[in-house]
Amino acid sequence: MLQSRQESASVILLHPPKPSRLPQAPDNEPFVPAVERQLAACRRYGARMAVLTVQLDGLAPLGQRHGLAVQQAVVDAAWQRMRSRVRGVDHLVRVAVDTFGVALFSVGDSVLGPIEARLFDELSAPYRVGSLVVEVMAVTGALVWPSEATSAEAVVQAAHELRLAKMA
């Protein structure tokens, strides 16, 4: 199924996209400081946290095929979809053109699976950009803390490696 979804990055109609009316995704920012702040709160309150990294696979070829305006419109729409699926206490950042990070406060193993599945479904659903309908595949990596990773950098790296393993 993964293979068929990746190959389904398709276009239904070819017309220039209209400017996006959605708020734009923010510029890239470091994810480790956000995770460090959440880890400090978890240590202080004895809470758990989950760290997710989410990549929009197929975004680069989409931008090459249809232009940066279409690519940016998909990123902006994905940002809005993610913002609507995380709580106000959670921290969401854009860490690269096609990658987001989410630090979820007070989330354990039993809750992380459904959250990850919901984000996957939402971000992998088709995007309408003007008269284009395009699809990209969301690939996630998630880690619940406390874990063997003790620093924010180690937590982010472990989640990143789990995401890369899914892409292999």
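Author: Relative accessible area sorts residues into buried (under 20%), exposed (over 50%) and partly exposed (in between), computed with a 1.4 Å probe on protein chains only. The model is predicted, with local features needing pLDDT of at least 70 and side-chain atom pairs pLDDT 80 or more, while totals for chains, interfaces and linings use all residues. Residues are numbered from 1 along each chain as its sequence is written, and side-chain values use heavy atoms, without hydrogens and water.

Reader: Why is Asp-109 called exposed?

Author: The relative accessible area of Asp-109 is 54%. Exposed requires over 50%, so Asp-109 is classed as exposed.

Reader: What makes the contact between Asp-109 and Arg-48 a salt bridge?

Author: The term requires a side-chain nitrogen of Lys or Arg within 4 Å of a carboxyl oxygen of Asp or Glu. In this pair the closest N and O atoms are 3.8 Å apart, and the contact therefore qualifies. Asp-109 belongs to helix 5 and Arg-48 to the loop between helix 2 and strand 1, so the bridge ties together parts 61 residues apart in sequence. By this rule the count is 5 salt bridges.

Reader: Why is Arg-48 called partly exposed?

Author: Arg-48 has 35% relative accessibility, and that value lies between the limits of 20% and 50%, so the residue counts as partly exposed.

Reader: How do you know that Lys-166 and Glu-116 form a salt bridge?

Author: Their side chains meet at 2.8 Å, N to O, and because the limit is 4 Å, the pair qualifies. Lys-166 lies in helix 6 and Glu-116 in helix 5, so parts 50 residues apart in sequence are tied together.

Reader: Why is Glu-116 called buried?

Author: The relative accessible area of Glu-116 is 16%, and buried means under 20%, so the term applies.

Reader: What are the buried residues of helix 5, and how do you know on which side they lie?

Author: Helices (H or I, at least four residues) are DSSP runs, numbered from the N terminus. In helix 5, Leu-112, Ile-115, Glu-116, Leu-119, Leu-123 and Ser-124 are buried. They cover an arc of only 145 degrees around the axis, so they lie on the same side of helix 5; the arc is taken from the directions between the helix axis and the C-beta atoms. The face turned away from this buried side carries the exposed residues Ser-110 and Asp-121.

Technical notes: Helices (H or I, at least four residues) and strands (E, at least two) are DSSP runs, numbered from the N terminus.
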